[in-house]
Amino acid sequence: MKTVSSTCSLFLTRTLFLVLLIPSAKPDPDPLQDYCVADTSSGPPPFFINGYPCIDPKLAISAHFVTSALSKPGNTAANPFGFSVTLTSIRNMPGVNTQGLAMARVDIAPLGLVPLHWHPRASEIAIVIQGNVLVGFVDTSNRLFIQQLRTGDSFVFPKATMHFLYNLDSLKVALVISGLNSQNPGAELVALASFVSNPVLPAEVLQKSFRINEQDVLRIRRNLGG
């Protein structure tokens with residue numbers, strides 16, 4: 001009987017610990033006020049903080065909470081993959097500061113690709129506004145979840161999972177709008193992080209990781225502009 005009681009007590013303790021821990025695992029902390037319009041007038045602050053300083057709330061106006069940045073198509077020819085991402089930020093929407101969210105416009109050229117990448121601080125939900133897009137992510141057990149999306153379809157990429165978006169149309173640009181649950185979700189492209197980091201990863205590490213030879217490493221770096 002004592003063993004059962006001890007087991008129940010231990011279970012309740014662990015459950016309570018998880019209940020208290022889960023809310024603290026959010027990507028961004030909850031704001032302590034209605035809003036914290038970012039003060040961008042003097043550039044980056046002279047000290048490091050997790051966020052951006054606020055202006056006096058009495059100086060906040062409606063214009064701080066609106067942006068037209070996502071209305072403008074991006075340049076999909078700016079990189080060899082054929083995609084462009086425009087993200088809301090404190091620069092184009094100061095009122096987003098401390099709100100724990102961001103939106104992105106993703107333009108993908110015909111047969112263009114948003115290559116394998118992840119967002120270390122955010123989950124992402126994407127809706128196809130225009131086009132025929134193949135999307136997918138890989139979980140930590142290396143299981144692939146893949147889906148073809150058409151106009152109006154939505155898909156969620158769990159936090160920090162490696163994922164991609166590929167425009168299946170050979171003639172038309174695809175347009176995707178994404179919502180992310182972090183003010184600064186970050187994005188790390190697998191290919192660039194692996195082969196054109198600064199300074200570069202040792203060739204031996206890449207050879208053993210990807211089971212390739214030294215010539216392969218040099219060729220891939222050259223193809224990626226490294």
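This is a friendly dialogue on how to read a predicted protein model.

Reader: Before I look at any feature, what should I know about the model?

Author: The model is predicted, so local features need pLDDT of at least 70 and side-chain atom pairs count only at pLDDT 80 or more, while totals for chains, interfaces and linings use all residues. Residues are numbered from 1 along each chain as its sequence is written, and side-chain values use heavy atoms, with hydrogens and water left out.

Reader: What is the average pLDDT of the chain?

Author: pLDDT is the predictor's confidence in each residue, from 0 to 100. Here the chain averages 89, and 87% of the residues score at least 70. Over residues 14-25 the pLDDT is below 50, and beyond near neighbours in sequence that stretch has one contact in the model (heavy atoms within 4.5 Å). Where pLDDT is low, the predicted coordinates should not be read in detail.

Reader: Now the sheet. In what order do the five strands of the open sheet come?

Author: Strands of a sheet pair through backbone hydrogen bonds, either parallel or antiparallel. Helices (H or I, at least four residues) and strands (E, at least two) are DSSP runs, numbered from the N terminus, and two strands pair if DSSP finds at least two bridges between them. In this model the order is E6-E5-E8-E3-E10, with antiparallel pairing. Strand E6 (144-150) and E10 are the edge strands, each pairing on one side only.

Reader: How many bridges join E5 and E6?

Author: Seven, in the antiparallel sense; Asn 132, for instance, has Arg 150 in E6 as its bridge partner. Strand E5 (residues 132-138) also pairs with E8, over six antiparallel bridges, and there Phe 137 stands opposite His 163. Strand E3 (residues 113-118) is joined to E8 (residues 162-167) by three bridges, and Leu 113 has Tyr 166 as its partner in E8.

Reader: Which residues touch the most other members of the largest nonpolar core?

Author: A nonpolar core is a set of buried Ala, Val, Leu, Ile, Met, Phe, Trp, Tyr and Cys residues joined through side-chain atoms within 4.5 Å. Buried means under 20% relative accessible area, exposed over 50%, and partly exposed in between (1.4 Å probe, protein chains only). The largest core has 16 residues, of which Val 133, Val 135, Phe 157, Leu 165 and Val 176 touch the most other members. Strands E2 (102-108), E4 (124-130), E5, E7 (154-157) and E9 each supply at least two residues, and E5 gives the most, with three. Apart from this core lies another, of five residues, among them Ala 38, Tyr 52, Ile 90 and Met 93.

Reader: How many salt bridges does a search of the whole structure find?

Author: A salt bridge is a side-chain nitrogen of Lys or Arg within 4 Å of a carboxyl oxygen of Asp or Glu. The search finds two. In one, Asp 107 meets Arg 105, with the closest N and O atoms 2.9 Å apart, and both residues are buried. In the other, Asp 216 meets Arg 219 at 3.2 Å between the closest N and O atoms. Asp 216 and Arg 219 both lie in helix H4 (residues 214-223), three residues apart, about one turn of the helix.

Reader: Why does Arg 219 count as partly exposed?

Author: Because its relative accessibility is 38%.

Reader: And is Ser 182 buried or exposed?

Author: Ser 182 counts as buried because its relative accessible area is 0%. Ser 182 is found in the loop between strand E9 (174-180) and strand E10 (188-189).
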